[in-house]
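Open the model in your viewer and keep the sequence beside it. The tour below moves from one selection to the next, and each stop says what to look for.

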Amino acid sequence: MIGVPQLTVIVASTRPGRAGAPVARWLAGRVTAHGGFDLHVADLAELNLPMMDERNHPRLRKYEHAHTKAWSAIVDASDAFVIVTPEYNHGYPAPLKNAIDYLVQEWAHKPVGLVSYGAVAGGVRSAQAIKPVLQYLKMIPISESVIIPFVAKHIVDGEFRATPAIEESATAMLDELRRLEAALRPLR
């Protein structure tokens, strides 16, 4: 019998003063309250992956560097993901693309939810821009997502304060991730 699936929350922004850290802390609390997953948080600022520095193509899984092996182990152990991402110039941040590109096989057949934030558009363009990349890696981006417009207005004393609608969308996203993770498990 399989245990509780592992959900990894990826904090995509590495910028000092980023809103992603408080949003991810809030989401981690929602994941814990949901109870459907074991939680792991992968903060790309803390992982500090250099720009791709592996000699071999990632599909070969012949990693030379300790940071790549550690990142591979995190992603490989994950059953589902939520990416917490800002929108930078109508796209997602470069550290996220770099982290994704380090690996290939570890991503396959795992569902992914998106929590996007920004100004008036709530990071929606970032979420839409990353979906083709995720799909190419055989991940399954779900429709249920969390969109946070005017994110700065929701951060008080360093903590993210969600509206009831944001809370409800997080629950719907986590429910769907849990359902889809179970359905995809035989493929992994």
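Is His-109 buried, partly exposed or exposed? Select His-109 in this predicted model, and you will find that its relative accessible area is 25%, so His-109 counts as partly exposed, because this value falls between the 20% below which a residue is buried and the 50% above which it is exposed. Most residues other than glycine have a negative phi.

Next, select Asp-157, which is found in the loop between β7 (155-156) and β8 (159-160). Its phi is likewise positive, near 55°, in a residue other than glycine. With a relative accessibility of 75%, Asp-157 counts as exposed.

Now move to Arg-18, in the loop that lies between β1 (6-11) and α1 (20-34). At 15% relative accessibility this arginine is classed as buried, because the value is under the 20% cut-off. Show the side chains of Arg-18 and Asp-43, and you will see that a polar contact of 2.7 Å joins them. If you leave aside residues up to four places away in sequence, the residues that Arg-18 touches are Val-11, Ser-13, Asp-43 and Ala-45.

From there, select Glu-46, which belongs to helix α2 (residues 44-47) and, at 67% relative accessibility, counts as exposed.

Finally, clear the selection and colour the whole chain by secondary structure, which comes to 6 helices and 8 strands, arranged along the sequence in the pattern β-α-β-α-α-β-α-β-α-β-β-β-β-α. The radius of gyration is 16 Å, close to the 16 Å that the globule rule gives for 188 residues, so the chain is as compact as a globular protein of that length. Turned along its principal axes, the chain has C-alpha atoms that fill a box of roughly 45 × 40 × 25 Å. Buried residues make up 47% of the 188 residues, and among contacts with a separation of 6 or more, 81% come from residues 24 or more positions apart.

Notes
Residues numbered from 1 in each chain as written. Predicted model: local features only at pLDDT ≥ 70, side-chain atom pairs only at ≥ 80, totals over all residues. Heavy atoms only, no water. Helix = DSSP H or I, 4+ residues; strand = E, 2+ residues; numbered from the N terminus. Buried < 20%, exposed > 50% of the residue type's maximum accessible area, 1.4 Å probe, protein only. Polar contact = N/O pair within 3.5 Å; in protein donor to acceptor, adjacent residues only side chain to side chain. Contact = heavy atoms within 4.5 Å. Rg over C-alpha atoms; globule rule 2.2 N^0.38 Å.
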